[in-house]
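Here is a short briefing on one protein model. Keep the structure in view as you read the points below.

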Amino acid sequence: MINKLVEKIRKTKAPIVVGLDPMLNYIPDHIQEAAFSEFGETLEGAAEAVWQFNKEIIDKTYDLIPAVKPQIAMYEQFGIPGLEVFKRTVDYCKAKDLVVIGDIKRGDIGSTSMAYARGHIGKVSIRGKEYTPFGEDFVTVNPYLGSDGISPFIDVCKEERRGLFILVKTSNPSSGEFQDRLIDGRPLYELVGEKVAEWGEECMGEEYSYIGAVVGATYPEMGKVLRKIMPKSYILVPGYGAQGGQGKDLVHFFNEDGLGAIVNSSRGIIAAYKQEAYAKYGAKNFGDASRAAVEAMVSDINGALEAAK
Ligand SMILES: O=C(O)c1cc(=O)[nH]c(=O)n1[C@@H]1O[C@H](COP(=O)(O)O)[C@@H](O)[C@H]1O
């Protein structure tokens with residue numbers, strides 16, 4: 001799957017991922033009204049609104065982008081109907097030939113990690129018959145439990161040719177509280193980065209490993225160091241747009257081949273119609289606003305990469 005991701009990034013010339021994080025308050029009124037009048041003001045109604053919202057954004061952007069990242073919490077908050085829409089979203093994106101990164105941030109003791117891995121990137125076997133429960137191409141994983149919490153995910157990746165993005169240095173303001181603590185004089189995130197590089201070495205695709213890392217756009221200096229520590233790992237870079245990251249901050253997350261990083265924006269794309277810059281589209285044309293925001297993000301990042309050459 002890493003080969004497909006790299007190929008699609010090359011083809012679209014868009015090292016970005018659209019984050020499908022559909023909070024109800026980003027969903028235009030006309031979509032909410034239609035969903036609630038059909039399904040009631042219920043979890044089912046909210047889930048339907050999420051689905052209609054996602055579908056429009058995907059339809060308006062899929063030809064420009066290599067990948068999407070649905071964040072499962074945004075679906076789980078609507079219970080079982082929400083999870084059904086998560087799965088419907090994964091399937092719809094795959095039918096559009098997009099690479100799907102399930103943002104699930106799991107990680108537990110080995111046996112439990114195995115169940116997460118099977119459910120999201122693998123198969124479950126029920127009396128000899130195999131099922132693919134969620135079917136994402138990549139998932140995000142939390143490494144806090146150490147190697148035995150990660151290795152079931154790696155085993156499933158090897159079997160299924162899927163991939164991981166392991167949290168190394170997160171984008172949020174408190175990420176340094178634990179991640180920057182010095183151990184033998186070195187920050188914890190560097191030690192985790194070294195582990196990701198080591199796990200990644202035995203999981204090589206054609207050019208890059210299918211074991212990648214998450215490093216926040218909000219910490220560009222650390223991104224520069226981590227890029228060197230994990231030369232063959234793709235870096236998923238969240239924190240662009242709504243959290244303040246800009247193209248000029250991101251140059252050092254990329255390798256000299258112009259590859260190696262994929263930048264996520266969620267609110268900045270899906271709620272673009274609420275921003276002044278895209279207000280002219282109006283809530284009814286929110287999908288067109290998202291398309292324009294994708295185009296602006298791609299040219300911001302490519303412009304910064306070009307300027308740095
Ligand atoms: O793993 C992630 O994707 C992630 C890691 C991280 O360090 N920071 C981070 O913001 N994220 C996710 O990236 C998305 C960022 O959303 P926006 O700030 O709206 O672009 C959310 O889905 C977060 O859960």
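The span of residues 15-281 is 41% helix and 21% strand, and its end C-alpha atoms lie 25 Å apart. Helices (H or I, at least four residues) and strands (E, at least two) are DSSP runs, numbered from the N terminus. This is a predicted model: local features need pLDDT of at least 70, side-chain atom pairs count only at pLDDT 80 or more, and totals for chains, interfaces and linings use all residues. Residues are numbered from 1 along each chain as its sequence is written.

**Annotation**
- An unreviewed UniProt entry annotates residues 15-281 as "domain: Orotidine 5'-phosphate decarboxylase".
- UniProt positions follow the numbering used here, feature names are shortened, and annotations may be inferred rather than shown by experiment.

**Around the ligand**
- The ligand is surrounded by 20 residues (C-beta atom, placed from the backbone, within 6 Å).
- The closest are Gln71, Thr170, Pro238, Ser266 and Arg267.
- Strand S12 (261-265) and helix H11 (267-270) each give two or more residues to this shell.
- By class, the shell has 3 nonpolar, 14 polar and 3 charged residues.
- Ala, Val, Leu, Ile, Met, Phe, Trp, Tyr, Cys and Pro count as nonpolar; Asp, Glu, Lys and Arg count as charged; the others, Gly among them, count as polar.

**Helices H2 and H3**
- The axes of H2 (residues 29-39) and H3 (residues 43-61) come within 8 Å and cross at roughly 140 degrees.
- Axes are lines fitted to C-alpha atoms, for helices over the stretch in contact, and angles run from 0 to 180 degrees between N-to-C directions.
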